[in-house]
Amino acid sequence: MKIQRTHLLKRLDTLYMSYNTSFGNWKYHDHYVNLRGPRGSGKTTLILEWLEQHTHVYFSFAGLDEPMALRLLGAKLQTYMDEHSLPVRPMDSWEDVFLNINTLSEHTCHIFVFDDSDEMLRNDVFSAAFQAYFANQKRRAILMIFVTRAEKLFEFPPNYTGWMENEIPIDVPYFTIADLCKCFPSQKGDDLLALYALTGGIPALVCLIDGNTDTESNLRCLLSPGSPYVRFCDAEFDRLFRRSESYMFICHAVALGNTHISDIGKFTGFAYNKCDKYVKALMENGILTTGKDDKGKTFYKFVNPYYRIWFACVYPNRTEINLGAVGEQTISEALSYIKAIADEEYVSACYRHAYYKFCNRIKIDREKVVPTPQTFTASVMKEDKYSSFICNESINSVSYNLSAYSSMSSTGVFPFR
């Protein structure tokens, strides 16, 4: 399964055209491109697809410390330059690397892409050499693209206040419901929303879905031993936190409905100030966010439904999943949880549309703006504003013909079937 992100490819094409037609601006200003997005959003797939039509140098810093990165990048540049019989300076430092990049760009290649570059861009030695290179007015104009997980490259380079102003950002978000309509045209409304809730629109997880089968069959496959669906969250938390166990326990508490600090503290047994510390770190890393309840008190919720499902259904059952012994009760509970979340995603999409259409200047009155199939369809179309078109049949399949959706239930949760 593959969905082509046409608007992002066009954005890269536009930047390349700008580079080709205004070498002076690119040469005398410290422009660089930051292709940024969360882990698993498809950044590498996107940039490699775009690079197929251009002469380029691509290098990934993934898993490399500075000395090894310097050695391997130097060897790669040496190969490129030998192929074109270009003079090569010894690559004993990052300053030498950038001088060789300059030589290569002068003769054959103008596009340099550095993937997984978050840590390297925060390295003082690398960033200082890069800053010095861009400050050199004798350099060639190049299209430099960094692929990062960070939303912004904070404090990079050191003491260079103008750097962020010259960043050209391209955001690569997770898939929307509209994207999934195009991924799975055969899926109907409730199953499509369930798949969105199950994967959170994360491309690395969406690709695991079989669009020709139902939600339960997909769930059973995802909860198999060694499944990337199970490992994705573990890997992300290991990357984000030195000791991830406590953070995971906090998330498990939130997934089970303990959404206030006092509730989290009672569930986990952690002191409230300790809970505050963990929750703040989870918010800073894009796992949790805040909301206000009916009494105006702050509560915490997941940014992405995948993590909510993972910590409610996968986290407490990891042993039986790894043993391939997932019971029917676990499957049944997981399906009920998924459907409840999908209901909420349906309502949220309707309210987003109602806000854009009716309430841009005033606070939305949720008692008067009722979610309907029409507002949901319109919200999907709103999310798809960058695409050239979206299949009407797919959109119509998402719109429910159930009269139950014409008004809220007394509990505020919509029936799923």
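A residue counts as buried when its relative accessible area is under 20%, and as exposed when that value is over 50%. The model is a predicted one.

**First stop: H5**

Select residues 94-107, which form helix H5. Its 14 residues reach 20 Å from the first C-alpha to the last, close to the 20 Å expected at 1.5 Å a residue. Now colour the helix by burial: H5 is mostly covered, with 10 of its 14 residues buried. These are Trp94, Asp96, Val97, Phe98, Asn100, Ile101, Asn102, Thr103, Leu104 and Ser105.

Next, show what covers them. The covering elements include helices H4 (66-83), H6 (118-121) and H7 (124-135). Strands E2 (57-60), E3 (111-115) and E4 (143-148) are also among them.

**Second stop: H15**

Move to residues 272-284, helix H15. The end C-alpha atoms are 18 Å apart, in agreement with the 18 Å that 13 residues should span at 1.5 Å a residue.

Which residues of H15 are buried? Select Cys275, Tyr278, Val279, Ala281 and Leu282. Look down the axis of H15: the buried residues fall within an arc of 160°, so they line one face of the helix. An α-helix has 3.6 residues a turn, so residues three or four places apart point the same way.

Turn to the other side of H15, where Asn273, Lys277, Lys280 and Glu284 are exposed. Then return to the buried residues and display their partners: helices H12 (228-240), H13 (245-255) and H14 (261-268), with strands E6 (288-292) and E7 (298-302).

Finish at glycine 286, which follows H15 and has a positive phi, near 75°.

Definitions and conventions. Residues numbered from 1 in each chain as written. Predicted model: local features only at pLDDT ≥ 70, side-chain atom pairs only at ≥ 80, totals over all residues. Heavy atoms only, no water. Helix = DSSP H or I, 4+ residues; strand = E, 2+ residues; numbered from the N terminus. Expected span 1.5 Å × (residues − 1). Buried < 20%, exposed > 50% of the residue type's maximum accessible area, 1.4 Å probe, protein only. Contact = heavy atoms within 4.5 Å. Arc of directions from axis to C-beta.
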